[in-house]
Each structure stands twice: as structure tokens, then as C-alpha cells.
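Please look at the structure first.

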Amino acid sequence: MTRFNEYDQYDGTGLAGLIRERKISAMEVCEEAICRAEEINPKLNAIITPMYDNARNTVKYYDTGAPFSGVPFLLKDVHHALKGYPMSSGSRLLKNYVPDYNAEIVTRFMNSGVVIIGKTNTPEFKLAYVTEPEAFGPTRNPWNTEYSSGGSSGGSAAAVAARIVPIASATDEGGSIRVPSSYCGVFGFKPGRGRNPVGPDFNEEWDGMSYSHIISRSVRDSAAMLDAVSGIENGSPYGTVKPEKPFAEEVTIDPGSLRIGYYTRYAYGMKPDAECINAVSETCRLLENLGHRVEEISPDYNEDELAMYWSIIMIGNETALVDKLVQTFGKPEVKNGLELSNYALYCVGRKMKALDFVKAKRNWRKTGLAMSLMMNRYDIILTPTLGKPPVLAGSLRPGKSDIRSLKFLTSAAGRILLSSKKVTASIMEELVKNTIKTQMPFTIIANITGQPAMSLPLYWSTKDLPIGVQFIGRYGDESELFRLAGQLERAKPWIDRKPPAS
């Protein structure tokens with residue numbers, strides 16, 4: 001077979017154009033993607049469910065009029081259900097689960113013309129900032145395979161960065177699109193609340209903190225896919241204003257002179273790494289050269305409090321999920337089938353009170369008001385995506401003492417101890433420390449407030465690892481972000497920068 005060696009020079013929009021103009025066939029593009037998956041994936045472990053035969057069959061009937069006609073695509077193996085194919089959610093317990101329906105956004109992805117060639121790795125139930133599920137093993141970073149790809153959409157980000165596919169699906173509950181995009185040097189855009197569907201199973205997953213979209217190498221691919229899949233869905237409790245013009249058009253429009261507030265302050269009791277601060281500083285200089293007004297700010301919210309409120313809602317929703325699994329499989333099978341840390345979260349969650357949940361949601365609203373008032377003064381907020389550079393694969397696994405503590409929590413004696421509100425509160429604080437401080441995400445705020453946000457690969461560390469910067473836009477205004485992203489992509493292109501594992 002003759003190889004399409006120029007494949008990785010094109011983004012999804014570019015490949016669709018070649019296919020539409022009959023400069024290459026959709027089957028040739030599909031076969032090239034499969035060849036690259038077979039060659040590259042053993043180094044990365046990004047794809048856990050190959051669907052190559054399905055892709056070869058699907059590509060015969062692709063829609064020539066769709067925006068991504070014949071473009072190879074990968075689905076994240078959680079939330080994005082595809083009828084007839086396994087969806088493990090990163091869990092040993094659900095390895096044999098095969099949905100008999102399509103998630104609404106998956107239907108819309110397919111209507112955009114993409115050809116699904118497989119499903120990507122994710123931590124169990126998306127509950128980690130690195131992609132290292134016990135069920136499938138770690139996904140590695142294509143820039144240096146000793147490092148993690150980030151999470152929870154780490155499989156998708158690694159596959160896109162390594163040029164296996166130009167675009168892949170992703171979800172974001174606390175940064176799960178932006179974090180792995182930062183790790184892997186690609187473009188990660190989280191739409192605002194109500195822009196994209198999340199059903200039918202999860203019309204308000206994580207109480208509105210969960211978002212679905214794609215990870216891409218180019219800004220225009222992300223914008224064009226948002227045009228293709230956005231819009232209200234049946235049963236959704238959220239909606240948002242329709243854009244004045246297609247997002248794909250906004251990418252080419254000059255944003256004018258924007259008021260941009262930035263911060264790199266202490267978060268979670270820690271100072272961001274110097275490399276992450278440098279990434280923001282360099283971006284500020286670039287923005288000023290482009291004519292924007294940049295000013296350092298100190299937002300009126302506390303990251304430690306936000307992390308606690310976010311964790312309470314997360315644990316409450318995870319507990320409800322596991323409770324449903326217990327009803328289906330029985331407690332012994334669930335306890336043995338889930339990762340120890342997630343079963344421990346379930347034990348903690350069962351001791352939480354409805355009052356805790358309501359208080360957390362009310363504090364969300366206060367945070368949303370604070371952000372809204374700040375956005376009256378600034379068009380866009382700039383932060384590091386993460387306060388730390390990428391971590392080594394396996395470095396965040398629980399140690400022996402952690403495992404002993406988790407086992408105690410899941411025991412009969414632990415359940416008695418959890419009856420004490422004071423003890424439960426201290427465990428919650430430890431949880432926040434372990435899951436948040438190790439990564440220092442600046443991403444959580446946009447999940448809580450529902451604002452659109454994006455991570456751009458504008459900086460590489462001294463170890464030649466990507467470090468993303470995050471931009472947060474006004475509620476319901478993805479257009480402003482796409483205009484700025486398009487300008488920054490033109491000013492400091494990243495798409496031709498290839499990782500070693502590509």
C-alpha cells in the first residue's frame with residue numbers, strides 16, 4: 001500500500017478539503033490513520049479499543065457534504081457512548097459493558113462526517129488529572145514517554161499530538177480537556193454551559209460541571225466542530241444564546257484591542273512553578289505586542305474553597321454513580337471491581353449530608369457572581385492552565401501508607417469512623433490536597449461558573465515539554481475566545497511542532 005506521508009501536515013479541516021476535492025480518497029486517509037495508530041500507539045497506549053474494521057466500513061458511506069467528511073476520529077471511552085461498542089469508563093468493572101444507544105454528542109460527531117477508528121484511554125470515571133487506569137495502564141506523553149499525558153482526556157490528547165488523528169472527543173469536569181492539552185501541546189477548548197449536549201444519560205452530569213467537545217491541533221477544527229455539534233438537546237436543563245455568526249468564521253476575525261486580566265498567584269497554598277509563570281509572562285508580552293491591554297489582577301475568590309466545593313459536588317455525583325453500580329452488580333463485585341481510591345470516595349460520599357451539597361452549590365453561585373462582576377472590567381482572563389509542568393508517569397500513584405488508609409476507609413471500622421463529621425471533613429481536606437495540589441489546576445473555576453475556556457500551547461519548558469496557558473471568556477461568549485485564539489495561532493504557530501513520538 002502506498003502511504004499518505006503528508007497526512008500529518010493537515011488538520012481535520014484540511015483533510016476534509018482534500019477528500020472533498022478528490023485529491024485523495026477517504027479510504028486512503030483512513031488507512032493512513034490506522035497505520036499510524038498501529039505504529040505509534042504501542043509507545044503511548046492512547047487507544048484502548050481499536051475499531052479499524054468499523055472505520056473501513058464506515059468510510060465507504062461517508063457524507064460528502066459534511067464539514068469533516070472522511071476525517072479519522074477517536075472517541076473518549078467514557079460518557080461518549082457508541083451503540084454496539086464497549087464503553088468501560090476506564091474501569092475493570094465495566095470492561096464488558098456495551099451500550100445499546102448513542103450519546104447525543106456522538107450522533108452529532110458522526111453527522112459531522114468523521115470516521116471513528118477507536119476509543120481512547122481515560123482514568124476510571126474521569127476522576128484523575130493523569131490517565132493511568134488500573135484497567136488499561138498509563139497513557140504516555142508523546143513529547144517524552146517517561147511523562148504522563150495528563151487527564152482525564154489523556155488518551156485523546158496524546159493521539160492528537162502524535163498525529164494519529166487530527167481531532168478526538170474529550171470531556172471536561174475540572175479541566176479534563178485543558179489539562180491534557182497543556183501536557184501534550186495541543187489546543188483544548190471547553191465550551192460554556194449549555195453549548196454542547198451531554199445526554200441522554202447525563203443531562204446535568206456533575207451538576208452542570210461536565211462539558212463535552214474535542215481536542216485538536218488547530219483552532220479552526222475546534223470552532224468548526226462546535227458549529228457542527230452545538231445546540232440544545234432534549235431534556236437539558238441548560239441552554240445558551242446562539243452565536244451571531246459561525247464560530248469557524250470568528251477564527252479569522254481580528255479581535256481588536258482586548259482588556260485582559262491575568263494572574264499567577266498562589267493557589268492551594270502553593271506557588272506556581274517558575275516555568276508556568278514564565279509561560280504567562282511570555283504570553284502577556286505577545287498580547288501587548290498584538291495591541292491588547294494587559295493588567296495583573298487578584299480575583300475575589302479563594303482557590304482552596306473552590307476546590308472543596310468542587311470536590312463535594314464531584315463526590316456526591318460519583319457516589320450516586322457507584323450506588324447505581326451496586327444495585328446492578330452487588331456491593332462485593334463493585335468493591336473488587338473498582339479502583340481502591342474511587343471505592344473509598346464512595347464510602348466518604350455516603351456519609352455526606354444534603355446540607356453539604358446545597359451549601360456547595362450556593363457558594364458556586366457566589367463565585368459565579370464574583371466572576372461576572374470581574375468580567376465587566378475585563379474581556380478575557382489569562383492564567384496558567386496548570387501550576388506545575390507535566391509529571392512523570394506513575395508518580396502520582398498512591399503510596400503504601402495511602403493504600404493502607406484507603407483500605408481502612410472501606411472497612412467496617414472505617415465506615416464507623418466516617419460517621420464523625422469532623423473526621424469526614426479532615427478526609428475531604430486530605431482528598432483536596434492529594435487530587436488538586438499535585439497538579440494545581442487553574443481550570444476548576446470555569447467548570448463551576450460555566451464560562452468557556454481554552455488552553456493554548458504557546459510555551460515549552462526547558463525540558464522541551466509543553467506548558468499551556470488558559471484563557472477564560474464571558475459566559476456564553478465562545479466567539480471572543482475563538483477570535484483571540486485565531487490571532488495567537490497566526491502570531492505564534494504551533495501546529496508544525498511535532499513531538500518525538502509521532
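Q: What should I know about the model and the numbering?
A: The model is predicted: local features need pLDDT of at least 70, side-chain atom pairs count only at pLDDT 80 or more, and totals for chains, interfaces and linings use all residues. Residues are numbered from 1 along each chain as its sequence is written, and side-chain values use heavy atoms, without hydrogens and water.

Q: How many cavities of 30 Å³ or more are there?
A: Rolling a probe the size of a water molecule over the atoms shows where empty space is left. A cavity is a set of points on a 1 Å grid over the protein atoms alone where a 1.4 Å probe fits but cannot get out. Here the count is 3. The largest cavity has a volume of about 130 Å³, the space filled by probe spheres set on the points, which are joined across faces, edges and corners.

Q: Which residues are the closest to the centre of the largest cavity?
A: G194, N196, V198, S210 and Y238, out of 18 lining residues (those with an atom within 4 Å of a point).

Q: How do I read an aromatic pair?
A: Use the distance of the centres and the angle of the planes. Rings of Phe, Tyr and Trp (its six-membered ring) pair if their centres lie within 6.5 Å; planes under 30 degrees apart are stacked, over 60 edge-to-face, the rest tilted. The whole structure has 11 aromatic pairs. F4 and Y7 are edge-to-face, at 6.2 Å and 80°. Y343 and Y346 have centres 5.5 Å apart and planes at 50°, so this pair is tilted.

Q: Which residues form one aromatic cluster?
A: F187, F189, F247, F482 and W494.

How values were computed. On a 1 Å grid over the protein atoms alone, a cavity is a set of points where a 1.4 Å probe fits but cannot get out, and a pocket is an open set with protein on both sides within 12 Å along at least five of seven lines; lining residues have an atom within 4 Å of a point.
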